[in-house]
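User: Could you take me through a few packing details of this model? I'll jump around a bit.

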Amino acid sequence: MKRLLLAGLLCMAHLLNAQNNKEHDRRFEQLGTALPTPNAFRTASGAPGYKYWQQQADYLIHVDIDDENQRLTGREKITYINRSPEPLSYLWLQLDENNKRHDTDSKKASASSLKNAVKTNRQGEKSANIRALSRHLPRTNNLGTRITKVTGANGSMLKYTVVNTMMRIDLPEPLLPGAEYSFNISWWQNISDRMKSWSRGGYEYFPKEGNYLYTITQWFPRMCVYDDANGWQHKQFYGGGEFALTFGNYEVHITVPSDHVIAATGELQNAREVLSEKHYALFQKAKKSYDKPVVIISQDEAMKKEKLKTKDKKTWIYKAENVRDFAFGTSRKFIWDAMAVKIGDRDVMAMSYYPKEANPLYEKYSTEVVAHTLKTYSKYSLNYPYPVAISVEARNGMEYPMICFNYGRPNPDGTYSESLKYGMISVVIHEVGHNFFPMIINSDERQWAWMDEGLDTFLQFLTEQEWENNYPSRKGPPHLIVNYMKGDRKGMNPIMTGADNVKQYGNNAYGKPATALTILRETVMGRELFDYAFREYARRWAFRHPKPQDFFRTMEDASGMDLDWFWKGWFFSTEPVDIEISNVTEFKAFSSPQEETAQKKAAYERNNEILSAARNKEEGYVFAANRKPGLKDRHSNRKKLFKPSKSQIDRYKELKNSLADDEKEILNGEVHFYQVDFKNNGIIMPIILQLNYEDGTEEIIRIPAEIWRRSNTNVSKVFARKKAVKSFLLDPLRETADIDESNNRFPPAYQPTRFELYKSGIKKSKSSGKKKKKKNS
């Protein structure tokens with residue numbers, strides 16, 4: 001019985017070990033069931049299938065901003081077109097503003113602790129931070145969307161149910177495929193102070209002159225996406241995972257105080273009515289100014305309006321076609337400048353709106369950066385198709401079709417640091433870039449944050465580098481993600497994680513996917529192949545709803561490369577990159593039998609010298625053969641041990657005559673052979689190896705990742721060179737995000753300990769102190 005049990009355990013251990021090894025060696029298997037099965041809606045090539053469909057929602061909205069009470073009142077008519085093959089008994093809409101309510105599920109489900117509020121000193125005494133503690137007090141507010149009426153096109157009341165940040169409208173009869181349905185919603189909501197809640201939309205109050213700057217976002221009941229992959233996408237809005245939205249056409253009438261200026265999605269329809277003659281003329285002039293922005297409303301004019309505060313109202317009318325959302329900003333504080341940008345054969349208006357507090361940074365850079373971003377993103381994805389692109393300074397960063405809200409406010413005296421300047425430029429690039437991902441290539445942000453944030457951050461990096469030489473980009477270069485990748489994997493998620501479940505949102509949604517795409521472009525695929533495939537993805541899915549599998553499959557389909565191993569490592573795991581040089585073996589052929597025997601003799605004598613030296617150290621030591629004179633052999637000739645025989649010389653000559661010229665170079669000792677052993681401690685990656693030669697020159701060799709396909713952990717590669725190699729260096733340009741560079745050199749480089757570095761730092765400080773004393777004396 002014991003034998004049977006032991007045999008069973010050994011067999012199980014063997015199976016488990018084999019399974020573990022198999023798991024580790026499956027990195028070159030296809031993703032297979034990890035991706036949804038291709039079908040007539042989404043093909044195996046990554047393109048939309050011949051049965052692909054998507055819904056449409058058109059909006060006619062009237063909205064009024066009450067500047068006295070910070071309240072928004074609106075009414076809308078939505079026309080929903082059902083292009084799906086299924087009849088729909090109800091419609092789902094989003095009420096994102098409900099996430100600001102005091103009793104929302106996102107607040108109830110938010111974990112909290114007293115860690116930052118209560119501190120304990122070494123004596124065990126506790127101290128409290130009152131401000132931090134106050135955040136845990138139960139509070140009430142009067143925020144959220146207040147629905148007052150929902151009716152059909154004929155005025156009949158429709159039944160609706162609000163579920164936190166979602167609302168279901170029950171239809172009087174099913175909406176059949178190919179049919180459309182119109183209905184009306186009336187609502188109001190108090191506008192929140194976004195500077196206290198740091199929410200995406202709301203108002204900023206300027207107490208010095210008593211004015212408001214409004215950023216109105218997620219402000220109207222919007223249709224949820226209904227598609228072939230999920231049915232209704234009605235995941236609740238918890239504030240993290242952003243938006244999944246349906247394309248449609250908008251006509252929006254916005255009523256505000258008459259001295260306000262509005263920046264909005266779409267094109268202004270009644271510019272002559274809402275602008276003065278002077279401002280209208282400047283607006284028209286800006287449409288023909290390609291070299292620099294035209295100031296339409298100056299800082300002096302905005303400052304005068306800050307003091308007057310008229311109570312009269314005007315209605316601005318905007319139209320936008322084929323957009324997924326609508327947002328606007330309004331204030332009497334806005335300075336406004338604009339210029340034209342040539343994109344393909346079309347003119348696009350690049351515009352900026354900002355309060356005086358954002359100058360001089362915004363008047364100098366904002367619109368120029370908008371124009372640069374449109375050109376660069378168009379080059380790498382597709383030509384920007386919308387008529388305008390707007391940057392609004394609002395002390396935050398958030399994106400919507402044709403308009404985005406950014407930060408970058410200098411000190412009150414107008415001074416600013418380099419860090420603030422580059423931060424401002426970067427956020428404008430990033431938020432304007434979101435016009436491409438996800439406003440045009442319309443991915444599901446609520447589920448897959450990386451599909452817009454990661455792709456956008458990747459193109460942001462390229463755009464920054466084309467803005468200025470050695471631009472200090474904060475995301476994109478592989479070495480910048482190393483600290484995150486070498487961290488505790490318990491605090492990480494794979495990139496392919498739902499947006500609301502991500503532990504480190506910035507690294508997971510922005511930094512790591514942007515780094516992965518940079519490596520894919522620069523190291524794995526090469527720029528030409530990558531750029532072609534990336535543009536093909538943008539072209540295929542412009543104004544559609546792509547999923548992750550559509551991106552992965554298109555990149556492979558258009559490039560002709562199998563990249564499943566790359567997606568597995570970078571997108572489906574949390575493992576880092578860690579390749580090392582474990583050993584190097586050198587070999588050089590002997591040029592003749594004489595050289596071979598000469599080297600043998602030299603080695604023999606060298607060993608004898610070592611042994612003799614060891615023995616001679618022992619006082620009075622006498623070798624055994626010298627103790628008795630009769631043991632000494634006077635007839636043998638030691639030299640013959642190292643003399644090649646005639647047959648050896650004949651065989652050598654015969655071999656030499658049969659060799660080709662390059663083989664003779666090996667025989668003549670002109671070629672150095674190096675076997676380099678590599679060990680992989682992380683995900684699969686190409687090997688980039690630099691050979692540093694003794695003559696001071698160097699060579700970089702690029703080995704495809706497929707070298708690991710039969711062994712994911714250990715491989716060897718032989719290099720034959722006519723020059724002697726002094727040292728080897730892995731990843732010399734730091735392009736793979738290798739987390740441990742200490743084992744990337746052979747011979748290994750000396751790594752000082754932290755204590756040694758600390759001591760050297762003390763010595764340097766002491767020596768610098770002595771120099772200062774001498775100067776003072």
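User: How many bridges join strand E3 to strand E8, and which way do they run?
Analyst: In this predicted model, strand E3 (residues 88–94) and strand E8 (residues 166–175) run antiparallel and are joined by 6 bridges; two strands pair if DSSP finds at least two bridges between them. Strands (E, at least two residues) and helices (H or I, at least four) are DSSP runs numbered from the N terminus.

User: What do I need to know about numbering and cut-offs?
Analyst: Residues are numbered from 1 along each chain as its sequence is written, and side-chain values use heavy atoms, with hydrogens and water left out. Because this is a predicted model, local features need pLDDT of at least 70 and side-chain atom pairs count only at pLDDT 80 or more, while totals for chains, interfaces and linings use all residues.

User: Which order do the strands of that open sheet have?
Analyst: The order is E7-E8-E3-E12, an open sheet of 4 strands with antiparallel pairing. Strand E7 (160–163) and strand E12 (222–223) stand at the edges with a single partner strand each, so one side of each has no neighbour in the sheet.

User: Switching topic: is E23 buried or exposed?
Analyst: Buried (under 20% relative accessible area, with a 1.4 Å probe and protein chains only): 6 of the 6 residues of strand E23 (residues 388–393) are buried, so E23 is largely enclosed by the rest of the structure. Val388, Ile390 and Val392 cover one side, and Ala389, Ser391 and Glu393 the other, all of them buried.

User: What pairs with E23 in the parallel sense?
Analyst: Strand E22 (residues 346–354) does, over 5 bridges, and Met351 has Ile390 in E23 as its bridge partner.

User: And the helices, at what angle do H12 and H13 pack?
Analyst: Helix H12 (residues 505–525) and H13 pack at about 135°, with their axes 7 Å apart, where axes are lines fitted to C-alpha atoms over the stretch in contact and angles run from 0 to 180 degrees between N-to-C directions. H12 and H13 are therefore oblique to each other, oblique being whatever is left once angles under 35 degrees count as roughly parallel, over 145 as roughly antiparallel and 65 to 115 as roughly perpendicular.

User: Which residues in H12 meet H13?
Analyst: Leu517, Leu520, Arg521, Glu522 and Met525 in H12 meet Arg527, Leu529, Phe530, Asp531 and Ala533 in H13, contact meaning heavy atoms within 4.5 Å.

How values were computed. Buried < 20%, exposed > 50% of the residue type's maximum accessible area, 1.4 Å probe, protein only.
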